[in-house]
Amino acid sequence: MCRNIHPLHNFTPPATTDEVRAASLQYVRKVAGMTKPSQANHEAFDRAVERVAVATQELLDSLVTAAPPKDREVEGEKARERSRRRFATQSADPPRGAAVHAVVAAER
């Protein structure tokens with residue numbers, strides 16, 4: 001779904017109100033198909049963000065798990081390492097279409 005919405009459940013420390021609101025804002029932006037509503041839609045947009053934030057917080061408060069809480073710093077480092085590996089592999093490969101551009105340039 002939205003790449004900018006990150007898991008918020010079962011972390012130490014727990015998700016903050018700001019994190020819940022940010023995830024709610026990203027969700028509403030995705031569903032609405034806009035990053036910034038027009039003046040005519042601003043009130044409905046803000047109301048939706050607030051309602052999604054309330055529902056999200058209620059969900060997080062209600063969820064139970066036997067798994068130990070995850071550490072935000074450790075999980076963040078794992079994500080950064082995955083990203084480094086993913087993009088390091090891509091940078092070693094020529095960009096898509098590079099061979100086509102080379103052929104076209106050689107034909108000129």
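Predicted model: local features only at pLDDT ≥ 70, side-chain atom pairs only at ≥ 80, totals over all residues.

Me: Fine. Which residues form the largest nonpolar core?

Reply: Six of them: Leu8, Ala15, Val20, Ala23, Ala53 and Leu60. Helix H1 (17-32) and helix H2 (42-62) each supply at least two of the core's residues. Helices (H or I, at least four residues) and strands (E, at least two) are DSSP runs, numbered from the N terminus.

Me: And what counts as a core here?

Reply: A set of buried Ala, Val, Leu, Ile, Met, Phe, Trp, Tyr and Cys residues joined through side-chain atoms within 4.5 Å. Buried means under 20% relative accessible area (1.4 Å probe, protein chains only).

Me: What does alanine 15 touch?

Reply: Leu8, Val20, Leu60 and Arg72, leaving out residues up to four places away in sequence. Contact means heavy atoms within 4.5 Å.

Me: Switching to the helices, at what angle do H1 and H2 pack?

Reply: About 130 degrees, with their axes 8 Å apart. The axes are lines fitted to C-alpha atoms, for helices over the stretch in contact, and angles run from 0 to 180 degrees between N-to-C directions. H1 and H2 are therefore oblique to each other; under 35 degrees would be roughly parallel, over 145 roughly antiparallel, 65 to 115 roughly perpendicular, and the rest is oblique.

Me: Which residues make that contact?

Reply: H1 brings Val20, Arg21, Ser24, Leu25, Tyr27, Val28, Arg29 and Ala32, and H2 brings Phe45, Ala48, Val49, Val52, Ala53, Thr56, Gln57 and Leu60.

Me: Ser24 sits in there. Is serine 24 buried or exposed?

Reply: Buried, with a relative accessible area of 1%. Serine 24 lies in helix H1 and touches Val49, Val52, Ala53 and Thr56, again not counting residues up to four places away in sequence.

Me: New topic, the backbone. Which peptide bond is cis?

Reply: The one from threonine 12 to proline 13 is cis, with omega near -5 degrees. Proline 13 is in the loop between strand E1 (11-12) and H1.

Me: And what's phi at asparagine 10?

Reply: Near 65 degrees, a positive value in a residue other than glycine. Asparagine 10 is in the segment before E1, and is buried at 16% relative accessible area.

Definitions and conventions. Residues numbered from 1 in each chain as written. Heavy atoms only, no water. Buried < 20%, exposed > 50% of the residue type's maximum accessible area, 1.4 Å probe, protein only.
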